[in-house]
Amino acid sequence: MPMDDPRMLGIYDHRFLINRLEFCPVYREQNPAPLRYSDLVSAGFPIATEDLPLIDSLTQGLLAVPGDSAATAAILQSTNEKLFELYGMFFPVYNAVQDNRLIYSKGDAYWGRPMPFLNDLIAARWLHSSLQRADRNIPNRWLAMMLGQFTSPYMIATVLDANDALRPTPVAAAAGPYVPSDRGERLLDSLLRQHRGRVVYVDFWSTGCGPCRQGMIQSRKIKEKVADKPVDFVYITSTDQSPEKVAAEFIDQNKITGRQIRLTPDEWNILAAKYKINGIPHYMIVGPDGRVVDPHYMGHGTEVVSAALLKAAGE
């Protein structure tokens, strides 16, 4: 991220202090523990169930062949190679989590009182430097673990943007004249890229919202009006607002057709901030080129909504 970006001002203004602190023993003196796959299991990383016995055997030293060191070495090498291929990418994330914890504990101990903003500055600079050396972005569910100690939304946004900059450019967006310019646009574009060339009626909803459920049921009439037109219906909710089983039962019982998307709470908040989604149900219309035609569509009635969708489709 360029240093003149407003979100970097905190780090930029304190850069001389940070440069002195982040490399001093207060923050850098560490005694790293050996990396073990059992640590990844304990930390909650997504390890396949079928690999747990193998990790247990490796941890407990059960893979040794008595009296045959060569055979033991061969088994250990093949086991480690297999596990590293599957889970090796988790270790940098695990290390970053441990490093962050040391930054906060050592910093507070040195100063004799909590120093959350200063610790956030050091940790954000450290993570930002690590991301700049990476060749791909870190999935949000793992990045959330790395940001667990942060107290400043300002610093969290800095790291999130640095991580987002590593996302592959969506093929559909790169191919056309429209290129998303910020985090919210890029997220929406990535969610809807498979609908490029068609109008998309986007419905933000949750299972606990009565008007949302009623609107989804009533949308059947709109779908009938545009059934033979290049129009898709996409319903977006989040995992914390709509329990998967409850959502699936409602969709099945009411025969709701269209694509269903479930976001993490962080992803939902990114879209809500970008498109000012202050309440649900919330509707928007996205054109065939991927541009948002109307981020706050308030049409009422089958005929009105159908006409707006047909107009967006050039019909």
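**View 1. How much of the chain is tucked away.** Of the chain's 315 residues, 41% count as buried, where buried means under 20% relative accessible area, exposed means over 50%, and partly exposed covers what lies in between (1.4 Å probe, protein chains only). This is a predicted model, so local features need pLDDT of at least 70 and side-chain atom pairs count only at pLDDT 80 or more, while totals for chains, interfaces and linings use all residues. Residues are numbered from 1 along each chain as its sequence is written, and side-chain values use heavy atoms, with hydrogens and water left out. The chain has 16 helices and 5 strands; these are DSSP runs numbered from the N terminus, with helices (H or I) of at least four residues and strands (E) of at least two. Take the contacts (heavy atoms within 4.5 Å) between residues at least 6 apart in sequence: 69% of them join residues at least 24 apart.

View 2. Which residues of H12 are buried? They are Gly184, Glu185, Leu187, Leu188, Asp189, Leu191 and Leu192. A handy bit of background: an α-helix has 3.6 residues a turn, so residues three or four places apart point the same way.

**View 3. Glutamate 185, a buried charge with no salt bridge.** Glutamate 185 sits in helix H12. A salt bridge needs a side-chain nitrogen of Lys or Arg within 4 Å of a carboxyl oxygen of Asp or Glu. Glutamate 185 is buried but has none, and its nearest side chain of opposite charge, lysine 274, is 4.2 Å away. (For charge, Lys and Arg count as positive and Asp and Glu as negative; His and the chain ends are not counted.) If you skip neighbours within four places in sequence, glutamate 185 is in contact with Tyr178, Pro180, Lys274 and Tyr275.

View 4. Searching the whole structure turns up 1 cavity of 30 Å³ or more. A cavity here is a set of points, on a 1 Å grid over the protein atoms alone, where a 1.4 Å probe fits but cannot get out; lining residues have an atom within 4 Å of a point. The largest cavity has a volume of about 90 Å³, and of the 15 residues that line it, the closest to its centre are Asp189, Leu192, Arg196, Val286 and Gly290. That volume is the space filled by probe spheres set on the points, which are joined across faces, edges and corners. Helix H12 (residues 183-192) gives the most to this lining, with 4 residues. Sorted by class, the lining has 7 nonpolar, 3 polar and 5 charged residues. Ala, Val, Leu, Ile, Met, Phe, Trp, Tyr, Cys and Pro count as nonpolar, Asp, Glu, Lys and Arg as charged, and the others, Gly among them, as polar.

View 5. The structure holds 6 salt bridges. In one of them, aspartate 189 pairs with arginine 196, their closest N and O atoms being 2.6 Å apart. Aspartate 189 is buried at 4% relative accessible area, while arginine 196 is partly exposed at 25%. Another joins aspartate 232 to arginine 198 (2.8 Å, N to O). This pair links distant parts of the chain, 34 residues apart: aspartate 232 is in strand E2 (residues 231-238), and arginine 198 is in the loop between H12 and strand E1 (199-204). Then there's arginine 291 with aspartate 289 (3.1 Å, N to O). Both ends are partly exposed here, arginine 291 at 38% and aspartate 289 at 32%.

**View 6. Leucine 147, buried in a loop.** Leucine 147 lies in the loop between helix H9 (140-146) and helix H10 (153-164), and is buried with a relative accessible area of 10%. Beyond its neighbours within four places in sequence, leucine 147 is in contact with Leu127, Ile156, Val159 and Leu160.

View 7. The peptide bond from isoleucine 280 to proline 281 is cis, with omega near 5°. Proline 281 belongs to the loop between helix H15 (265-275) and strand E4 (282-286). Lysine 276 is in the loop between H15 and E4 too, and has a positive phi of about 55° although it is not a glycine. Lysine 276 is exposed, at 55% relative accessible area.

Conventions. 1 Å grid on protein atoms, 1.4 Å probe; cavity = no way out; pocket = protein on both sides within 12 Å on 5 of 7 lines; lining within 4 Å.
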